[in-house]
Amino acid sequence: MEKGTGRMSIMQHIGELRRRMTIVVISLVVAAVVLYFASPVLIDILIRPIKQYLPGENLAIMSSLGGFTIRFKVSLFIATIVCSPLIIWEIMGFFVPALKPSERKWVIPTVIALVILFYLGMIFCYLVIQEAAFGWMIEQSAAFATVIPNADDYLTIMMLLEIGFGVAFEIPLVIFYLSVFHLVPYKTFRENWRFIYVGLLIFSAMVTPDASPVTMFFMFAAIILLYEISLGVARSYLMRRYGKESLKWSKEEFEAHDA
């Protein structure tokens with residue numbers, strides 16, 4: 001990852017962005033092509049948590065090209081997961097030249113944290129959410145209809161859930177940096193916790209693609225737990241660096257202290 005020391009022109013920024021985007025796109029395409037040949041196995045692993053809700057444990061395909069489309073979609077999804085460390089690294093690398101030398105020490109820990117939280121969110125979704133979410137959705141139709149397990153429909157919802165939880169689990173890191181860099185003082189988070197909780201509840205409802213209260217509740221509970229953990233870590237960092245009184249400082253007081 002380059003560490004620029006001078007200012008870059010707009011064209012240099014565009015060139016740098018193009019270079020990093022090219023790396024990401026080529027990596028995704030190559031990974032997706034390779035994974036395409038293993039897609040039947042990947043699909044079997046992906047649907048394992050919900051197999052009990054599939055008649056005969058099989059999905060149904062509604063068109064002649066459906067198999068190819070689904071295999072490619074799943075391959076691209078898994079490729080995104082596999083390449084996510086590279087994608088995050090390239091995104092962070094693009095912004096490194098704009099950071100101060102004192103801020104660049106946070107880059108590698110941030111990349112590691114982002115990758116770990118993203119994977120934790122997806123693992124949590126796979127092990128806990130998928131079965132509960134599909135159980136609730138199937139139950140809503142059981143009294144008056146038979147649900148046909150459309151492969152495209154089922155797998156799309158599953159992949160959106162995985163991505164949604166992976167992204168949602170990044171929120172605590174955002175909260176941590178907002179507090180540590182004094183963009184939003186620690187005391188603001190603590191004093192406005194009711195509004196923040198409501199905002200996170202709304203976010204959970206928006207991110208979950210299945211409109212299931214079960215899914216929304218699990219996501220909300222997980223985000224709240226991670227939110228409190230991130231504030232706890234931020235509190236520990238601020239107390240160690242500035243002292244206990246810094247927990248009550250405003251943004252202006254932080255800026256005056258760092259000046």
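The following paragraphs describe the overall fold and selected local features of a predicted protein model. Residues are numbered from 1 along each chain as its sequence is written, and side-chain values use heavy atoms, with hydrogens and water left out. Because the model is predicted, local features need pLDDT of at least 70 and side-chain atom pairs count only at pLDDT 80 or more, whereas totals for chains, interfaces and linings use all residues.

The protein chain comprises 11 helices and 0 strands, where helices (H or I, at least four residues) and strands (E, at least two) are DSSP runs numbered from the N terminus. Along its principal axes, the C-alpha trace spans about 65 × 45 × 25 Å. Of the 259 residues, 40% are buried, that is, under 20% relative accessible area with a 1.4 Å probe, protein chains only. Among contacts (heavy atoms within 4.5 Å) between residues at least 6 apart in sequence, 77% join residues at least 24 apart.

In helix H2 (residues 39-46), the buried residues are Ser-39, Leu-42, Ile-43 and Leu-46. Viewed down the axis of H2, these residues fall within an arc of 100°, so they line one face of the helix, the arc being that of the directions from the helix axis to the C-beta atoms. The buried residues of H2 pack against helix H1 (10-36), helix H3 (66-95), helix H5 (107-142) and helix H6 (151-168).

Within helix H1 lies Arg-20, which counts as buried because its relative accessibility is 5%. The side chains of Arg-20 and Glu-16 are joined by a polar contact of 2.7 Å.

Note on methods: Buried < 20%, exposed > 50% of the residue type's maximum accessible area, 1.4 Å probe, protein only. Polar contact = N/O pair within 3.5 Å; in protein donor to acceptor, adjacent residues only side chain to side chain.
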